Amino acid sequence: GAQTDQMGLFKITVPVHKNTESFKLIFSHISFKSDTLIASKSKINKITVFLESNILDIPEINIFGVPQIAFGNTEFHIYDYEILQDKILLIVYEKRLSKSNLLLVNKDMKLSCIREIGGTPVGMYKDCVDDVNLITFYKPYKLALKDECLSFISAKQTWLNKIHKPCVAKTKAGLLFYYYYGPTRLSVDFSFYNPIAKKDSIFRQIIDSISLNELKENLEKNTQGQQNVRGNMADIKIGDWDGEDRLSFETASDVAKKKQLYTPMIFIQDSLFIFNHCEGFLEVYNNQAVHIRSVSISYHKSPDWYRKVYVDNATKKIYTLFFKNNHYEVTEIDKTTGELGETCKLHYTWVDKIQIHEGNVYFLYKPAQYNFRKCLYKQKL
């Protein structure tokens with residue numbers, strides 16, 4: 001076997017028997033159907049092969065509540081994705097799950113670039129300046145788009161931890177940060193960094209004292225009579241993204257059992273929204289972190305509520321998630337009143353990584369008819 005270069009040139013050496021008259025050459029590519037060509041024993045200078053696209057190209061049909069395959073392929077399985085403006089980035093694995101690639105598809109869901117990932121991928125996420133970061137077991141990368149193709153730029157680990165993951169938004173006035181001090185402390189600090197004064201000041205702190213007391217009581221019971229099993233309870237600084245965006249094989253009751261303080265902060269149109277699910281308020285601040293108003297919220301008290309809040313950056317609408325009767329329901333939250341609006345029920349039961357963009361909900365799902373390979377689906381809200 002042999003691989004072509006970027007111009008399609010290749011050289012292959014095979015043993016030749018005296019009775020051999022021809023060879024069978026098989027051409028394959030991750031996003032195209034394989035093709036076979038019979039070549040004679042004589043030296044061949046030029047071969048022209050046209051491969052048929054293997055992408056599941058399904059025209060968009062805007063039917064409310066009916067999901068469409070936005071992007072899929074029988075040759076690979078989609079592991080993760082991110083929406084970047086009018087394009088989509090996908091991490092895909094080939095059939096044997098031994099090789100991963102990064103695909104770039106345009107707004108028409110046509111493949112425009114493929115890059116091999118050097119190292120086992122963990123996932124992707126967008127930082128506060130809407131740059132997409134690729135995390136691998138080897139090192140983190142920042143993805144740059146140039147001339148309809150991607151390039152990998154090594155990211156400094158200190159910069160990634162200090163700025164990108166905890167940073168929620170970059171405004172004209174400064175940077176807004178979110179610090180979650182781990183499951184052993186159950187407190188969140190919201191801070192504002194002024195680049196002129198070079199000062200980082202905390203403007204809001206939320207502590208889940210009830211759950212914290214429960215954890216401490218359980219810790220004391222479990223460690224009674226033991227000598228310093230855990231040691232001191234250490235603070236863990238992590239960002240709003242904790243690597244648990246995937247929803248598969250986790251029920252609403254499983255999420256409710258997690259004593260995780262979920263208080264996301266979202267920045268939309270020069271306003272900052274803190275979803276204080278601990279105290280039952282939607283708090284609104286301006287771009288300089290000055291409090292404007294608060295409204296009561298109660299949807300989080302439902303046993304069916306799934307601890308997720310999403311924002312559609314195109315329509316500026318905010319949504320939350322419920323799990324009812326083995327199905328997920330995406331419901332809009334009114335930013336002014338805190339009340340729930342229209343609900344969209346996802347057609348399939350076990351979906352993975354929900355995102356919302358331009359009035360559509362995107363998710364990953366394994367359709368049985370495509371050999372259980374994950375495809376990217378789109379459903380109209």
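Predicted model: local features only at pLDDT ≥ 70, side-chain atom pairs only at ≥ 80, totals over all residues.
Reader: OK. How many disulfides does a search of the whole structure find?
Author: The search turns up one disulfide. Its partners are Cys 113 and Cys 149, with sulfur atoms 2.0 Å apart.

Reader: And which parts does that pair tie together?
Author: Cys 113 belongs to strand β7 (residues 111–116) and Cys 149 to strand β11 (residues 149–154), so the link joins parts that are 36 residues apart in sequence.

Reader: Is that disulfide right-handed or left-handed, and why?
Author: Right-handed, because the torsion about the S-S bond of Cys 113 and Cys 149 is about 50°.

Reader: What about Cys 278 and Cys 344, buried or partly exposed?
Author: Cys 278 is partly exposed, with 30% relative accessible area. Cys 344 is buried, at 3%.

Reader: Switching topic: what's phi like at Gln 269?
Author: Near 50°, a positive value in a residue other than glycine. Most residues other than glycine have a negative phi.

Reader: Where does Gln 269 lie?
Author: In the loop between β17 (265–268) and β18 (271–276). Gln 269 is exposed there, since its relative accessible area is 60% and exposed means over 50%.

Reader: And Lys 316, what's its phi?
Author: Lys 316 has a positive phi as well, near 65°. Lys 316 sits in the loop between β21 (305–312) and β22 (317–324), and is partly exposed at 29% relative accessible area.

How values were computed:
Residues numbered from 1 in each chain as written. Heavy atoms only, no water. Disulfide = S-S within 2.5 Å. Helix = DSSP H or I, 4+ residues; strand = E, 2+ residues; numbered from the N terminus. Buried < 20%, exposed > 50% of the residue type's maximum accessible area, 1.4 Å probe, protein only.
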